[in-house]
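User: I have a new model to go through. Can you walk me through it, please?

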Amino acid sequence: MTTATRRYDGIGVETGDDAAFDDIASLRRAVDERIDQLLSGSPHDQLTRAMRSSALSAGKRMRPLLLMLVARDLGCNSPALIDVACAVELVHAASLILDDLPCMDDASLRRGKPAIHIQYGEDVAILASVALLSRAFGVLSQAQDIAPATRARLVATLAQTVGDQGLVRGQFEELHGGARSPEAIATTNELKTGLLLGVAVDMACIVCHADEQVAQQLRAFALAAGQAFQIKDDFLDGAGNDSAVTGKDTGKDVGKATLINTLGRDEAQRRLAACLVEADRCLSAAVGAHGRTRRFVSGLFAKEGKGKRFTPELAKARELHPGAQLAELRLS
Ligand code: IPE
Ligand code: IPE
Ligand code: MG
Ligand code: MG
Ligand code: MG
């Protein structure tokens with residue numbers, strides 16, 4: 001039995017008993033319940049089980065929560081938000097199935113369980129991924145309480161994010177891009193990871209009819225947070241991390257063109273910190289400094305250790321004093 005504290009589901013990363021934490025926890029439950037409903041219609045065969053296992057296993061639900069929290073910070077509580085948020089999470093789940101396949105990262109552990117292709121076989125895994133993706137667009141196209149033109153815009157926005165100019169392009173570059181400059185790697189990271197965070201806030205802005213300038217600041221926030229997040233994820237792959245804690249394999253990035261492998265740990269950590277400062281600047285400019293989203297992002301980038309929470313101020317300090325213990329940031 002392991003004594004490691006699992007951190008891959010994002011639950012219990014920070015302790016908190018205030019309204020913001022209650023709100024985040026109840027949104028998370030609502031997302032899981034809705035995904036459960038959305039995926040319960042089909043016969044309970046291997047395909048459905050693979051889809052459900054992928055989408056309902058212990059992840060952080062970062063993208064749907066971001067969408068819902070940004071909407072809250074915009075003062076919007078449309079009943080349509082939950083399905084839009086779930087659609088983004090279904091896309092994410094589909095992308096993780098493919099990412100773990102032997103022909104991609106060849107990973108065996110995901111969210112603390114055997115990867116979907118290990119549980120169900122590669123054939124079922126590929127089909128489950130395609131089915132989750134199709135389901136995501138089906139959910140969006142039927143979302144209630146949204147004007148048809150807005151729904152069409154949501155579908156188009158998500159399609160563009162996933163396809164050959166988006167996440168799929170990023171995954172292709174990762175596999176076939178070879179050794180390349182840090183800027184080219186950052187572009188790959190934006191495509192494979194940042195755009196899905198970007199589309200979560202874009203969709204919140206579309207549903208909530210946000211002011212264009214606010215929407216642009218929020219997108220810039222999400223893209224900067226996405227850069228920080230992928231660097232942090234890359235740190236998790238390295239030596240010293242425990243799969244029982246991270247819920248996934250380590251050592252999958254050996255020989256890959258990651259920012260850590262290209263720039264070294266310290267420079268990558270400085271980039272991570274700088275991206276968080278930028279993310280916070282854009283978020284605060286868009287919705288102020290005291291919103292739910294800021295609290296959530298701060299929790300995601302929390303330092304390990306009781307009562308210590310990552311703050312942009314800390315990031316700034318680390319940027320100014322690179323000799324400090326930069327490796328102490330861990331992924332929640
Ligand atoms: C993992 O994303 C894939 C990356 C983009 C790095 P998450 O770390 O959000 O995975 P879950 O959903 O919490 O499992
Ligand atoms: C994957 O990045 C990004 C996706 C589009 C799924 P990684 O390959 O680093 O994600 P993990 O580490 O397997 O979760
Ligand atoms: Mg990958
Ligand atoms: Mg991977
Ligand atoms: Mg990774």
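Analyst: Let's start with a helix pair: H3 passes H9 in a right-handed crossing. Right-handed means the near helix is turned clockwise from the far one by less than a right angle. Helices here are DSSP runs of H or I with at least four residues, strands are E runs of at least two, and both are numbered from the N terminus. The model is predicted: local features need pLDDT of at least 70, side-chain atom pairs count only at pLDDT 80 or more, and totals for chains, interfaces and linings use all residues. Residues are numbered from 1 along each chain as its sequence is written, while chains are lettered from A and ligands numbered from 1 in the order in which they are written.

User: At what angle do H3 and H9 pack, and how far apart are their axes?

Analyst: The angle is about 35°, and the axes are 8 Å apart. H3 covers residues 62-73 and H9 residues 182-207. Axes are lines fitted to C-alpha atoms, for helices over the stretch in contact, with angles from 0 to 180 degrees between N-to-C directions.

User: Which residues make the contact?

Analyst: H3 brings Arg-63, Leu-66, Leu-67, Val-70 and Ala-71. H9 brings Leu-196, Leu-197, Ala-200, Val-201, Met-203, Ala-204 and Val-207. Contact means C-beta atoms, placed from the backbone, within 7 Å. By class, that is eleven nonpolar, no polar and one charged. Nonpolar covers Ala, Val, Leu, Ile, Met, Phe, Trp, Tyr, Cys and Pro; charged covers Asp, Glu, Lys and Arg; the others, Gly among them, are polar.

User: Which residues touch the most other members in the largest nonpolar core?

Analyst: Leu-67, Val-84, Val-91, Leu-132, Ala-200, Ala-204 and Ala-279, out of 93 residues. H4 gives this core its largest share, 14 residues. Such a core is a set of buried Ala, Val, Leu, Ile, Met, Phe, Trp, Tyr and Cys residues joined through C-beta atoms within 7 Å. Buried means 20 or more other C-beta atoms within 10 Å of a residue's own, exposed means 12 or fewer, and partly exposed is in between.

User: What is Leu-132 in contact with?

Analyst: Met-51, Ser-54, Ala-55, Leu-90, Ala-93 and Ala-94, leaving aside neighbours within four places in sequence.

User: Switching to ligands. What surrounds ligand 2?

Analyst: Ser-95, Leu-96, Asp-99, Asp-105, Ala-107, Leu-167, Gln-171, Lys-192, Thr-193, Asp-233 and Lys-248. The cut-off is a C-beta atom within 6 Å of the ligand. By class, the shell has three nonpolar, three polar and five charged residues.

User: Which element gives the most to that shell?

Analyst: H4, with three residues.

User: And what is around ligand 1?

Analyst: Tyr-8, Gly-59, Lys-60, Met-62, His-92, Arg-111, Thr-193, Gln-230 and Asp-233. Two are nonpolar, four polar and three charged.

User: Why does His-209 count as exposed?

Analyst: Because His-209 has 11 C-beta neighbours inside 10 Å. Asp-106 is exposed too, because its count is 12.

User: Last one: how many helices and strands are there?

Analyst: The protein chain has 15 helices and two strands. Of its 332 residues, 46% count as buried.

How values were computed. Contact = placed C-beta atoms within 7 Å.
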